[in-house]
Amino acid sequence: MSGEYDDLKRRMDGAISAFKHDLASLRTGRASSNLLDAIQVQAYGTTMPINQVANVTVPEPRMISVSVWDKSMVSAVDRAIREANLGFNPIVDGTNLRIPLPELNEQRRKELVKISHGYAENARVAVRHVRRDGMDFLKKAEKDGTISEDDHRKRSDQVQKLTDEMISTIDHLLSDKEAEIMQV
């Protein structure tokens, strides 16, 4: 079971990592190159992440700079950023795009909190799916006679404890992000 427990823990940690990545992409009032991670650019007949056609840097706390490698891709990158509905209006300067970050108003902050709650719920669901897989494995092992009823109960408690810890971590990360978003 320790191998299965380690696998469950690894999968739950993966859900937490994905949640952290989602939170990092939410704008909080200071620039971060992660803010553009989700943007997909129509390039060379396919769709690719922005970091595969340009270099994204943060020269100032309220500015993102996008340096496009191929001059012919500048308008596609500009269009992708504008259509991403992140509230950004890039300023094109040759092969560079400068993206000034506007101040977050109260309404936008509340929208970002709502989005972060959605990310948290997705992470909780992912953790619960892993928990269910672990519990199903234990039921099957008991049914097959691989483990006793007492072992099943003890290991179920371990899986539930791990699940509770992961959900608690998600809630803690969410409250930290909420405070960061609402900070004026």
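The structure is a predicted model, in which local features need pLDDT of at least 70 and side-chain atom pairs count only at pLDDT 80 or more, while totals for chains, interfaces and linings use all residues. Residues are numbered from 1 along each chain as its sequence is written, and side-chain values use heavy atoms, with hydrogens and water left out.

## Overall form

The protein chain has four helices and six strands, where helices (H or I, at least four residues) and strands (E, at least two) are DSSP runs numbered from the N terminus. Read from the N terminus, these elements follow the order α-β-β-β-β-α-β-β-α-α. The radius of gyration of the protein chain is 22 Å, whereas a compact globule of 184 residues would have one near 16 Å; the radius is taken over C-alpha atoms, and the globule rule is 2.2 Å times the number of residues to the power 0.38. Along the principal axes, the C-alpha atoms fill a box of roughly 70 × 40 × 20 Å.

Of the 184 residues, 36% count as buried, a term that means under 20% relative accessible area, with exposed meaning over 50% and partly exposed lying in between (1.4 Å probe, protein chains only). The accessible surface of the protein chain comes to about 10,500 Å², and 49% of that surface belongs to carbon and sulfur atoms; the areas come from the Shrake-Rupley method with a 1.4 Å probe. Among contacts in the protein chain with a separation of 6 or more, 64% are between residues 24 or more positions apart, a contact being heavy atoms within 4.5 Å.

An open sheet is formed by four strands in the order β3-β4-β6-β5, with antiparallel pairing; two strands count as paired if DSSP finds at least two bridges between them. Its edge strands, each pairing on one side only, are β3 (54-60) and β5 (91-93). On average, and with direction ignored, neighbouring strands of this sheet are turned by 25° against each other, the angles (0 to 180 degrees, between N-to-C directions) being taken between lines fitted to C-alpha atoms, for helices over the stretch in contact. Strand β4 (residues 63-68) and strand β6 (residues 96-100) are joined in the antiparallel sense over five bridges, and S67 has N96 in β6 as its bridge partner. Helix α2 (residues 74-83) packs on the sheet, where it touches β4, β5 and β6, and its direction makes about 20° with that of β6.

## Salt bridges

Side chains of opposite charge can pair when their charged atoms come close. The structure holds 14 salt bridges, each defined as a side-chain nitrogen of Lys or Arg within 4 Å of a carboxyl oxygen of Asp or Glu. The table lists some of them.

| Salt bridge | N to O distance |
|---|---|
| R82 and D78 | 3.0 Å |
| E121 and R128 | 3.6 Å |
| E180 and K177 | 3.8 Å |

R82 and D78 are separated by about one helical turn because they lie four residues apart in helix α2. Within this pair, R82 is partly exposed at 40% relative accessible area, whereas D78 is buried at 14%.

In helix α4 (residues 149-182), E180 and K177 are three residues apart, so about one helical turn separates them. E180 counts as partly exposed at 23% relative accessibility, while K177 is buried with a relative accessible area of 8%. Elsewhere, salt bridges with shared partners join E121, R124, R128 and D171 into one network. Of these residues, E121 is partly exposed at 33% relative accessibility, and R128 is likewise partly exposed at 39%.
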